[in-house]
Amino acid sequence: MTLLRGLGLHGGYGGRPVVRGVDIEVTEGRCVALLGPNGAGKTTLVRLLAGVLPVERGAVELLGRPLHAWRRREVAREVALVPQLLHFAFPLTVREVIEQGRAPHLGPWRPPGPEDHAAVAEAIARLDLAG
């Protein structure tokens, strides 16, 4: 099953193209790595795929639907993007950082409940981050 697909992606910053004509497909059960030197466009491609950066030409599909047809909250429930460098205004534990990924599943001002705590514990266990 195709989870995420980019077709002929073009995008960049301030009219400066960085990604030109890239096709990529992420399928269920597979690990995808983007390799290349600094400045090659890896981060830009990931931002295009996540909808954080607008696509100038081409298309992104999430679970077979065009990304632009999804509401942002729906996208956030399916796709998580953790930047390479992340600076917090105050210290957070690994659990607290992972818990932030539950925000799209909560209502306004609703604190995490038992289901959210279970999802965080499962993620920590699956990624062997307990230590």
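Let's begin with Asp128, which is exposed, with a relative accessible area of 68%. For the cut-offs, buried means under 20% relative accessible area, exposed means over 50%, and partly exposed is in between, with a 1.4 Å probe and protein chains only. Asp128 sits in the segment after α4, the helix at 114-126. Its phi is positive, about 55°, although Asp128 is not a glycine.

Before I go on, the housekeeping. This is a predicted model, so to speak of local features we need pLDDT of at least 70, and side-chain atom pairs count only at pLDDT 80 or more, while totals for chains, interfaces and linings use all residues. Residues are numbered from 1 along each chain as its sequence is written, and side-chain values use heavy atoms, with hydrogens and water left out.

Now the overall picture. The protein has 4 helices and 4 strands, and along the sequence they come as β-β-α-β-β-α-α-α. Those are DSSP runs numbered from the N terminus: H or I with at least four residues for helices, E with at least two for strands. The C-alpha trace spans about 45 × 30 × 30 Å along its principal axes. There are 131 residues, and 21% of them count as buried. The exposed surface comes to about 9,400 Å², with carbon and sulfur atoms supplying 57% of it; those areas are from the Shrake-Rupley method with a 1.4 Å probe, and for residues only the protein chains shown count as cover.

On to the strands. When I say two strands pair, I mean DSSP finds at least two bridges between them. β1 and β2 run antiparallel and are joined by 9 bridges. They form a hairpin with 2 residues between the strands, and there Gly14 takes a positive phi near 55°. β1, residues 2-13, also pairs with β3, residues 57-62, again in the antiparallel sense, over 5 bridges. You can see both pairings at Leu4: it stands opposite Val26 in β2, and Leu4 also stands opposite Leu62 in β3. Further along, His10 has Arg57 in β3 as its bridge partner.

Which residue has the positive phi in the turn of the β3 and β4 hairpin? That's Leu63, at about 55°, with 2 residues between the strands. Leu63 is partly exposed, at 34% relative accessible area.

So what packs in the middle? In helix α1, residues 42-50, the buried residues are Thr44, Leu45, Leu48, Leu49 and Ala50. They pack against β1, β2 (16-27), β3 and α2 (72-78). Just after α1, Gly51 takes a positive phi of about 80°.

The largest nonpolar core has 14 residues, and those touching the most other members are Leu9, Val19, Leu45, Leu49, Val60 and Leu62. β1, β2, α1 and β3 each supply at least two residues of this core. By nonpolar core I mean a set of buried Ala, Val, Leu, Ile, Met, Phe, Trp, Tyr and Cys residues joined through side-chain atoms within 4.5 Å.

Take Leu62 from that list. Leaving aside neighbours within four places in sequence, Leu62 is in contact with Leu3, Leu4, Leu67, Trp70, Val75, Glu78 and Val79. Contact here is heavy atoms within 4.5 Å. Pro114, on the other hand, is 52 residues from Leu62 in sequence and 28 Å from it in space, C-alpha to C-alpha. Pro114 lies in helix α4 and counts as exposed at 70% relative accessibility.

Gly12 and Arg47 are 35 residues apart in sequence, and their C-alphas are 9.8 Å apart.
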